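Please read it alongside the sequence and the coordinates.

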Amino acid sequence: EVPTDIKDTLNDLNDYYKLLQINDYTEDNKKLLDSTYEEYANKIKAAKTTEEVNLLYSEAISKLGDIEVVDNELIAYKVEIIIVLNSYFETINKEEYTEENYALVLEIYNKCISDVESANSKEEIDNFVSEAKSKIDNIEKLDLEFENYKKNALNELTNYYNSIDKNSYSE
């Protein structure tokens, strides 16, 4: 038979554990919460003195309370920022870059998305976004007006060449 003080302590621990389960946890932290609860419930059941029960209960409450919960406000901010980043990326004209430079833009954009997803604070997110935007803004763009001028000149030359009657020239 489990002594009354142990039963009461286990009930209190179980109540606290159930209260904590209301919170959002990552999958790993949910497992940690469960295993920590089980570990301390077993230790309390095996305790030999009231002092030991009280000490284990205090440790359990402390350890369970220290398990990090999901910051839903931060998650919402990440989602908002990723939507903004996607909109920004859609405004980037691939034609304005060389193939290599566009690949660099894409790499910076993808790294920024990854960094935002793993960030631990709004400040960290803001820094990642600011840094990525700055890097993208500093990537050299093509002079589209000049590129179009070259393309038109080449087209005119090709059209002229194709219009020449090659049979009227002797070899």
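The model is predicted. Its protein chain has seven helices and zero strands. The radius of gyration is 32 Å, well over the 16 Å that the globule rule gives for 171 residues, so the chain is more spread out than a compact globule.

**Overall fold**

- From the N terminus on, the elements of the chain run α-α-α-α-α-α-α.
- The C-alpha trace spans about 115 × 35 × 20 Å along its principal axes.

**Packing of α4 with α5**

- Helix α4 covers residues 72-90, and helix α5 covers residues 99-118.
- The axes of α4 and α5 are 10 Å apart, and the two helices pack at an angle of about 170 degrees.
- Because angles over 145 degrees count as roughly antiparallel, α4 is roughly antiparallel to α5.
- On the α4 side the contact is made by K78, I81, I82, L85, N86 and F89.
- On the α5 side the contact is made by Y102, V105, L106, Y109, C112, I113, V116, E117 and S118.
- By class, the residues of the contact of α4 with α5 are 11 nonpolar, two polar and two charged.

**Packing of α4 with α6**

- Helix α6 covers residues 122-137, and its axis comes within 10 Å of the α4 axis.
- The axes of α4 and α6 cross at roughly 10 degrees.
- Angles under 35 degrees count as roughly parallel, so α4 is roughly parallel to α6.
- From α4, the residues E73, L74, Y77, K78, I81, L85 and Y88 take part in the contact with α6.
- Their partners in α6 are K122, I125, D126, V129, K133, I136 and D137.
- The contact of α4 with α6 has eight nonpolar, no polar and six charged residues.

**Largest pocket**

- The volume of the largest pocket is about 230 Å³.
- Its lining consists of T26, N29, E68, V69, V70, D71, L74, I75, K78, S118, A119 and N120.
- Helix α4 gives the most to this lining, with three residues.
- The lining residues divide into five nonpolar, four polar and three charged.

Notes:
Residues are numbered from 1 along each chain as its sequence is written. This is a predicted model: local features need pLDDT of at least 70, side-chain atom pairs count only at pLDDT 80 or more; totals for chains, interfaces and linings use all residues. Side-chain values use heavy atoms; hydrogens and water are left out. On a 1 Å grid over the protein atoms alone, a cavity is a set of points where a 1.4 Å probe fits but cannot get out, and a pocket is an open set with protein on both sides within 12 Å along at least five of seven lines; lining residues have an atom within 4 Å of a point. Grid points are joined across faces, edges and corners, and a volume is the space filled by probe spheres set on the points. Helices (H or I, at least four residues) and strands (E, at least two) are DSSP runs, numbered from the N terminus. Ala, Val, Leu, Ile, Met, Phe, Trp, Tyr, Cys and Pro count as nonpolar, Asp, Glu, Lys and Arg as charged, and the others, Gly among them, as polar. Axes are lines fitted to C-alpha atoms, for helices over the stretch in contact, and angles run from 0 to 180 degrees between N-to-C directions. Angles under 35 degrees count as roughly parallel, over 145 as roughly antiparallel, 65 to 115 as roughly perpendicular and the rest as oblique. Contact means heavy atoms within 4.5 Å. The radius of gyration is taken over C-alpha atoms; the globule rule is 2.2 Å times the number of residues to the power 0.38.
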